[in-house]
Amino acid sequence: MPAVVNPAAVRRWLDEFTRLIEAHAAELTELDAAIGDADHGTNLQRGTTAVREALAGLDSETGVGPLLKTTAMTLISKVGGASGPLYGTLFLRMSTAAGDSAALDGAGFATMFRAGVEGVAARGKAVLGDKTMYDALAPACDALDAALAAGSDLSAALDSAAAAAAQGRDFVTPLVARKGRASYLGQRSADHQDPGATSAVLLIQAAATALGSPAN
Amino acid sequence: MPAVVNPAAVRRWLDEFTRLIEAHAAELTELDAAIGDADHGTNLQRGTTAVREALAGLDSETGVGPLLKTTAMTLISKVGGASGPLYGTLFLRMSTAAGDSAALDGAGFATMFRAGVEGVAARGKAVLGDKTMYDALAPACDALDAALAAGSDLSAALDSAAAAAAQGRDFVTPLVARKGRASYLGQRSADHQDPGATSAVLLIQAAATALGSPAN
Amino acid sequence: MKKLINDPAAVVTESLRGLAAAHPELRVELDQRIVVRGDAPVAGKVGLVSGGGSGHEPLHAGFVGAGMLDAACAGEMFTSPVPDQVIAATAAVDGGAGVLYIVKNYTGDVMNFELAAELAAAEGVQVESVIVDDDVAVQDSTWTAGRRGVGLTVLLEKIVGAAAEQGADLAACAELARRIVANGRSMGAALTSCTVPAVGKPTFDLPDGEMELGVGIHGEPGRERVPLASAHEVARLLVEPILADLAFTNNEGTSDEGSGEDGVICFVNGLGATPLIELYLMYGEIADLLAAAGVSIARSLVGPYITSLDMAGCSVTLLRADPEILELWDAPVNTPALRWGM
Amino acid sequence: MKKLINDPAAVVTESLRGLAAAHPELRVELDQRIVVRGDAPVAGKVGLVSGGGSGHEPLHAGFVGAGMLDAACAGEMFTSPVPDQVIAATAAVDGGAGVLYIVKNYTGDVMNFELAAELAAAEGVQVESVIVDDDVAVQDSTWTAGRRGVGLTVLLEKIVGAAAEQGADLAACAELARRIVANGRSMGAALTSCTVPAVGKPTFDLPDGEMELGVGIHGEPGRERVPLASAHEVARLLVEPILADLAFTNNEGTSDEGSGEDGVICFVNGLGATPLIELYLMYGEIADLLAAAGVSIARSLVGPYITSLDMAGCSVTLLRADPEILELWDAPVNTPALRWGM
Ligand SMILES: Nc1ncnc2c1ncn2[C@@H]1O[C@H](COP(=O)(O)OP(=O)(O)O)[C@@H](O)[C@H]1O
Ligand SMILES: Nc1ncnc2c1ncn2[C@@H]1O[C@H](COP(=O)(O)OP(=O)(O)O)[C@@H](O)[C@H]1O
Ligand SMILES: [Mg+2]
Ligand SMILES: [Mg+2]
Ligand SMILES: [Mg+2]
Ligand SMILES: [Mg+2]
């Protein structure tokens, strides 16, 4: 499989993520209003806008690892709340995993992505079914691995990862939240879609759009 | 003319006034909400209810002057705001004018009432056209005197006094208030009926109902 | 109407009951509805008595204590106290040096305190009254009820309270109070009406996108209804009429040109339902406007100190300071709502 | 939405700007959005740093000053501060005796302060963190995010602030803070939602005749929606779960049976748009309930100290007192929002 995840692809990914967050900011905040504090869209939009600026300020030679590290540090510095450290940790662990590789192939991307998602679980102490972004991210990891193992290319594998993420997001909608602000609502958090799981799906959809195509 | 205004008649007057205030309390407060502070009905209702109790506690032998004095002191002690001292002064001056007469005839009542109304003007420093209760009270005095002079009995004279009071009240509705809270509104106080003038009309209507009939 | 109350008719008494429980250092007479300094009467000290309609808390009861008021009379909601209350308060605080009544300029307040003063004088108590009328929203005229007393009352009670505490006599306290009245001005704006408990609905309707300019503190509508504006613009609408009404800069001197010699005390007040984050934001805007106008701020006060029940909005009060006023402002005070230095 | 603001996105910064103008004795760094005691770092004193989302004013910036916090970090509206802010605050207040982070128990706050603590430790600063989680509305469990930190934070910052000012070392400050957390509980109710400026409409709809029981301070709905009740009933709904959660009476003794040895500090807090007249009325109801339950009140605090923007409602916090806690509570404090003894 060709090494498709080069710096330009990473930039396309983050660009697309920024675009999706912008397009869905109101919806994310709306979801957070129902079971949280009405800021998830605002938080992420502030963060991704800052990421766009930060990446624009980086040399075009900047490698995958450093791009992801700047993304991580920018999110940590700008987002705040629960999602700031969580998405920040996701990108920080990915950056560490990427090291100084010039580009990654599908398997390399999958390994890196899993490292990031494990970071989210470690930072947030969430387990499956707690109704958090982890419930979208973890199934995506598994689907990605499975599809690659079955011989799919990264494009197809990310498509099934995105589908799995969306399924994970929807699977926990009827559940009672056990982490984050939504957990304060107890029973009343049931039957509401989790905002963080929703934005996590957008992150993977952005990857499917931006990283799938080898045309870079 | 027979001396119709005896202690029983005074009690009937105040009873009827209490009843009218109770029936119109919401309307008075509504009028006050538009150009004042939404309490005129509440204020007077608190006062007249207390007057009813205070008078009930007095000996059935109590004379006109003492009945009016208790009314005055009760209103001063219970109403507060602008209308408390004003109505209080009205009754205090009437009580002084009544002295220890056992009962008053029509002319005696008119003299006493004018003393009360002059007390209102002195206390409130209001002149005609300032858009206050004085704009209902002063024309009522004049109409009362005129009717008695023309030979009407007290019943008929109080009817024309009540009509004159209502006319005075309506006459100042289009004007800009120059006294009391309504004056703070400047131009915006125009075209609103004055709450105090409205309650003053009720006071005279109560007199017409209660004092007019010699049957006591 | 959504309020943390029981019976709308009992709000004033029940709130005083809570004040008594929270502040055992005060004497709260629930029958008379007066709140008195625990150590009153202070022998030889001028007694300061104020009061007014309820619904403006912490004014006045929240300002009873050392260095401020000796007693406060709580009237019915938005209704001046009755003379009986004022007389009871007078008796409670008269330490032999006379009593000063601090009266906000409303017809009802003025007449009820006037009646009380007549009665107290008849009892042989030396009484002086000062009428506070600082609201520039109202046209001043001898033919009308004149200007309302609003935010300046808070500053006056603090400053004259300090003077009385330091031993100023009745004439000096009254003169200082009148000097403060002459040198202070206020202006307010409301974003929402308030709701009087006994009425149960807002006193006036104020649609989205509109505000009332030049409101008082009794839920009465303002002088003018204008489109809802930015904080920056609201600050301008409040500060400009104040500066137009009284010169807050001192151009006589040559060295210090363009700025009042001792600056002003700038008080940004919340009307009851406006959160502090907005009040501080407004303070920033007002400070900018004053700086641009050459008015220097010597002291500031930001918070809900004279309110109109649950009205959203704010008012601005400026008081020309002088060294004496600043020293008295800084003097220790210990009341439920204003406390420092002790 | 009716607010005294300019740009919804700029509210936090513009309000801090006003705070800086009104309180020149504080150092306000607008870029980092941190508020620091003017004389920080105080050599040899433990530095107290807190912070959290904005919208809870006066918490935390209003509690910066002698005898309380050394620095506060203001996050975006209802969003925890970021580690950069905490690190900047840590650097500004580290006087060599270490720094204590006071963190309300919200996932975001905990994680951001945790990240900052890791980074500060890497820089060689001694850091301890204490998590405040006093809200009995939330079921406590190791499987969930746990209880929220609400009103107790105010009391803790005052008391630990006094200890730090008196020279307690970092371990002692942290231990005292944990003791306070173990001994304090809170519960709140909302009559209206708040409106986040950037959102522009109420976070939730709360029809006339209904209230939210067990709300936090971020406009999140409560545990339960119940019919709007009288103040008397609301007091019961707030006090009972607190008393059920922790024993506030001390039945071990024989002489003093039925009452906690040193009583409690009772804090009745307004959520932002509730006027003081209602808070004192609630205090009266709460004091009655506590008396009936045999809990004696040693100290009280009534007012809007930890708010949720323009939410109407209140919360109750009880803290079991002991002589040390009471002495530290009474110790001098000089901050914009809490001041006495200096
Ligand atoms: N402990 C946790 N582990 C993983 N994800 C979490 C955790 N707590 C919260 N989240 C996620 O964060 C989202 C909320 O993010 P956001 O609204 O930005 O932060 P905050 O809750 O601080 O306002 C939730 O919808 C949830 O998906
Ligand atoms: N100076 C005055 N002279 C005569 N009547 C006055 C004066 N000021 C106010 N009033 C009357 O008092 C009425 C208002 O009474 P009320 O609402 O009970 O008192 P307040 O204005 O103190 O709330 C006005 O409608 C007006 O008729
Ligand atoms: Mg959120
Ligand atoms: Mg009125
Ligand atoms: Mg009134
Ligand atoms: Mg948040």
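# Notebook: chains A to D

I began with a pair at a chain boundary: the side chains of E114(D) and R123(A) form a salt bridge at 3.0 Å, N to O. My rule for a salt bridge is a side-chain nitrogen of Lys or Arg within 4 Å of a carboxyl oxygen of Asp or Glu.

Before going on, I noted that this is a predicted model, where local features need pLDDT of at least 70, side-chain atom pairs count only at pLDDT 80 or more, and totals for chains, interfaces and linings use all residues. Residues are numbered from 1 along each chain as its sequence is written, chains are lettered from A and ligands numbered from 1 in the order in which they are written, and side-chain values use heavy atoms, with hydrogens and water left out.

**Entry: chains D and A**

How many salt bridges cross the interface of chain D and chain A? I got five. I then looked up contacts (heavy atoms within 4.5 Å): 37 residues of chain D touch 32 residues of chain A. The size of an interface is often given as the accessible area lost when the parts come together, so I wrote that down too. Buried area here is the accessible area (1.4 Å probe) that two parts lose on being put together, summed over both. For chain D and chain A that comes to about 2600 Å², with 54% of it on carbon and sulfur atoms.

**Entry: chains C and D**

Which chains share the most contacts, of the three pairs in contact? That turned out to be chains C and D. I found 58 residues of chain C in contact with 58 residues of chain D. Together chain C and chain D bury about 4500 Å², 62% of it on carbon and sulfur atoms. Three residues, K2(C), L4(C) and I277(C), supply 21% of the area that chain C buries against chain D, more than any other three residues. Salt bridges between chain C and chain D number two. I also looked up the bridge between the side chains of D288(D) and R17(C), which is 3.0 Å, N to O.

Chain A and chain B make no contact, and their nearest C-alpha atoms are 37 Å apart. Chain A and chain C don't touch either; their closest C-alpha atoms lie 18 Å apart.

**Entry: helices in chain A**

I took helices (H or I, at least four residues) and strands (E, at least two) as DSSP runs, numbered from the N terminus. Axes are lines fitted to C-alpha atoms, for helices over the stretch in contact, and angles run from 0 to 180 degrees between N-to-C directions.

Helix 1 (residues 7–35) of chain A and helix 2 of chain A have axes that come within 7 Å and cross at roughly 160 degrees. That's why I call helix 1 and helix 2 of chain A roughly antiparallel. The residues of the contact of helix 1 with helix 2 of chain A divide into eight nonpolar, eight polar and five charged.

**Entry: a bridge within chain B**

Over all chains, my search of the whole structure gave 62 salt bridges. I picked the one where the side chains of D37(B) and R181(B) meet at 2.7 Å, N to O. D37(B) sits in the loop between helix 1 (7–35) and helix 2 (40–56) of chain B and R181(B) in the loop between helix 7 (154–171) and helix 8 (195–211), so the pair ties together parts that are 144 residues apart in sequence.

I looked up two cis peptide bonds. One joins L59(C) and H60(C), with omega about -10 degrees, and H60(C) is in the loop between strand 3 (47–54) and strand 4 (71–77) of chain C. Another joins A40(D) and P41(D), with omega about -10 degrees.

Note on methods:
Parallel < 35°, antiparallel > 145°, perpendicular 65-115°, else oblique. Nonpolar A, V, L, I, M, F, W, Y, C, P; charged D, E, K, R; others polar.
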